[in-house]
Amino acid sequence: MQFDSLAFVAFFVFVASAYWQVRSWSHKKNILLAASYLFYAGWNPYFLPLLIVTSFIDWRLALRMSQSSSTQTRKRWLLVICVVNFSVLAYFKYANFFIENINAVTSVLGMSPWSFRSSIALPIGISFYTFHSLSYCVDVYRGNIRATRSLRDYLLYVAFFPQLVAGPIVRWSMIGEQLKTPRMIDRDTVGMGVALMIVGLFQKIVLADAIFAPTADLYFETDGTLTGMTAWVAALSFSGQIFCDFAGYTTCAIGAALVLGFRLPVNFQAPYAARGFSDFWRRWHISLSSWLRDYLYIPLGGNRGGQLITTRNLLLTMLLGGLWHGAAWTFIIWGALHGFFLVVERATRSFFEPFSAKFPRLGRAVGWWTTLLAVVTAWVFFRADSLAHATIMIKLMYVDFPLSAGELFATSYEDRMALLAVFALFMQQLILRDIPLQRVLHKLPWPVLGIFIGAMTVLISLTTGQSNAFIYFQF
Amino acid sequence: MLLSISNSSGKSWFMTGLLAATIWVFCLFLYESTLRAKGHAPGVADSQQLWSQERGRVSGSNAIVFAGASRTLYGIDLGTVQALLPGSKPVMLALNGRYPVATLRYLAEESDFNGTLLIDIDARGLADYYWDAQLPANRYFLEEWTPNWAVHRRILNVLQTKLSLLNPRLGFFPMLKSWLGFSPPPFLSHASIASTREGSLDFDKVDAARLANMFKAGLEGDLKAHPPKPPKQWLEALAPLKVWVSSIERRGGSVIFYVPPVSGHQFDLSQEAYPRELYWQKFINHYELKGWNFEDYLEIRSLPLPDSSHVSASMKPRYTALLLSSLSAAGLL
């Protein structure tokens, strides 16, 4: 099910009403679990058993693991859990990519290609719920949390519908306690939850789908007729689209959960106002970057093994982060680029720090501008259909330069709308750099907030084009 | 970091909600009133989702699927089909302005379908330039259509019949573009469509002669951009269609290619570019397909076509009845 569909509106009103009406906490959770599975089946009912079975296996194995006091045995159980989860992920998400690349190599060597090809669709949200489950199992292995005996609570932890298909990636340590104790719901939580849902829908429907997507799609799907200007328009539009699409989804998710009394982790905090790449990853898809940090980067050794090991760990973490997004070289290159940015930032920090200390404002401006430029450029790889197309666009952006004012005025109405909106988005993030959205909503006097929410709802209602799938659903 | 909100903020959420709801209702009322004052009426808007809703009904031996472009979308009366062929399940898959070869290809792969497929297509539409015209709709159905969107579209169908502001053509962004002078204001459409995707044209709302001239200019331009290939080359390229038809027939289904009526310049230009004997008839005879052409039926030839290409809403039942009875008489249906 998608948040920006009328089906979800009807579903959510029904589920929230039933949830509020029921008194027993256990029954409330039963309602949420049933609703979560219905929500998932709204996309493709045939993959629901996969979600249930993999969740059950992880719960059972984690429980067995927790019952063992031997580190060796626990390690073996963890290995089994990882093999099960990564096998499912590899089959559904990476099999075709792997075989295509093997075949590319074998064809160079003159060998016959492997004819296997998985024709099964990618189960929606598989990367997200696999990471939910894995974080739980690793935390149980490490002894950070106790394995839950409640199958229902575990199933609900994995499948809780607001965060099921596109995050934020929730950890048991964040939500386990919330599942145990009845949630308190009051006017503040419901009011804030609904307000967040409206802001999220506004980001998705009005900004991402109506303003940014048409321009980004037009130029990213065009071959041969791009110029330096249109390549920049495309890259900037996609930067706006990916943020509004994904942040819109998670804002809706956080809002929907809040209406039901649950608090999910914040996933975005003005990423385009970042002054450095490590700062960017503390602001963009925070739940994924912290997952990668805690379950990959630190176990690899983090920054404890000297410059070379740290560089390796950063590159490996970001490469795998790129691959997590999709089985394509474009995602791997995107991840590698971010790894490279982090390595360069780390290597040059000591060189720039005295300069930043002497000219703090200039240092901050240069840091912001450099980060933004690199992030926007890297998005080209994320969005492009092929490495070749991405390379052409990057070349146009940096070789077919400088841009003239005449070119800017020659752009279409849609291009100018997208540029205006992305400029406004960057400014908004710079102004509210360290202020969370919910605090902004909280601080606004009610008449101003009422006008904002009313205006957003009007624009959402008047933007009824073809709905686009949330970009992050494919991951 | 978990979301943190302060409780007991003192904020009046009730007043906030009330104000937001008031603004919402007031603005939408104002917008809807403005649209109505300009002559726009509520109605279902066609989309890939609406097409997919109908595409999802294609199954079984009683399905009668209409594929084609505007002449079928706005010409076939589904009520008449059901009345004349009791027990049948008519499904409208024609798409305005798009030739239907891609739909034939995808229906050939639809193992649940073993009914009748009526394809409105002329010799020009068979040319390989146009094979992918309906590909996006078919891909959308296969890759993006979900139970969620099926429910969404059904609710939207109901709402669109009540509010003209829910027509994407009349939404805020197209209007803004027009208000800023970057596009003409949205035209008053003479076409309407039902939630079953049965369309109708009301020629009282438009200058039909002007439309006929527009279609003529459009056809001339298209023939220049996509000139006819030599008959032999054109015919050879159509071999895959026979394969697709055969796969439907092997399941017990049936495929009928038909050319709906056109007149005036539409007819003359088509004949000049694609003479029937050299193209259409060769296609039917060479691949041994079921074919029907309006030129062979005097009653249908004499139907009034105000814009030289489409029948009016009032003529739809008559045209549909004539089409079905002549198909039956010819042993095709």
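**Two chains, question by question**

Student: How does A:Ala374 count with its 18 C-beta neighbours inside 10 Å: buried, exposed or partly exposed?
Tutor: Keep in mind that this is a predicted model. A residue is buried with 20 or more other C-beta atoms within 10 Å and exposed with 12 or fewer. A:Ala374 has 18 such neighbours inside 10 Å, so this residue counts as partly exposed.

Student: Which helix of chain A holds A:Ala374?
Tutor: The place to look is the stretch of residues 360-383 in chain A. That stretch, with A:Ala374 in it, is helix α14.

Student: How far apart in space are A:Ala374 and A:Gln178?
Tutor: Along the sequence, A:Ala374 and A:Gln178 are 196 residues apart. In space, going from C-alpha to C-alpha, the separation is 39 Å.

Student: What does the secondary structure of chain A come to?
Tutor: Let's count both kinds of element. Chain A has zero strands, and its helices come to 19.

Student: Why is chain A described as being as compact as a globular protein of its length?
Tutor: For 475 residues, the globule rule gives a radius of gyration of 23 Å. The radius of gyration of chain A is close to that, so chain A is as compact as a globular protein of that length. Along the principal axes, the C-alpha atoms fill a box of roughly 65 × 65 × 50 Å. The value behind the reasoning is the radius of gyration of chain A, 23 Å.

Student: What share of the contacts in chain A comes from residues 24 or more positions apart?
Tutor: Here we take the contacts in chain A with a separation of 6 or more. Residues 24 or more positions apart account for a share of 75%.

Student: What separates the centres of the two domains of chain A?
Tutor: The domain assignment gives domain 1 as 6-182 and domain 2 as 189-474. Taken over C-alpha atoms, the centres of domain 1 and domain 2 of chain A are separated by 26 Å.

Student: Which element gives the largest share of the side of domain 1 that touches domain 2 in chain A?
Tutor: In chain A, 27 residues of domain 1 are in contact with 23 residues of domain 2. On the domain 1 side, the elements giving two or more residues are α1, α4, α5 and α7 of chain A. The largest share is five residues, and it comes from α5(A).

Student: And which element gives the largest share of the side of chain A that touches chain B?
Tutor: Between the chains, 46 residues of chain A are in contact with 39 residues of chain B. The elements of chain A that give two or more residues to its side are α1, α8, α9, α18 and α19. Sorted by class, this side has 26 nonpolar, 16 polar and four charged residues. The largest share, 12 residues, comes from α19(A).

Student: Which strands stand at the edges of the open sheet in chain B?
Tutor: The sheet has five strands in the order β2-β1-β3-β6-β7, with parallel pairing. Each edge strand has a single partner strand, so one side of each is left without a neighbour in the sheet. The edge strands of chain B are β2 and β7.

Student: Which elements do the buried residues of helix α2 in chain B pack against?
Tutor: In α2(B), eight of its eight residues are buried. Among them are B:Leu50, B:Trp51 and B:Arg55. The elements of chain B that they pack against are β2, α7 and α8.

Student: What is the phi of B:Arg197?
Tutor: Most residues other than glycine have a negative phi. B:Arg197 lies in the loop between β4 and β5 of chain B, and counts as buried with 21 C-beta neighbours inside 10 Å. Although B:Arg197 is not a glycine, its phi is positive, at about 70°.

Key: Residues numbered from 1 in each chain as written. Chains lettered and ligands numbered in written order. Predicted model: local features only at pLDDT ≥ 70, side-chain atom pairs only at ≥ 80, totals over all residues. Helix = DSSP H or I, 4+ residues; strand = E, 2+ residues; numbered from the N terminus. Rg over C-alpha atoms; globule rule 2.2 N^0.38 Å. Contact = placed C-beta atoms within 7 Å. Nonpolar A, V, L, I, M, F, W, Y, C, P; charged D, E, K, R; others polar. Pairing = 2+ DSSP bridges. Domains from an automatic or database assignment.
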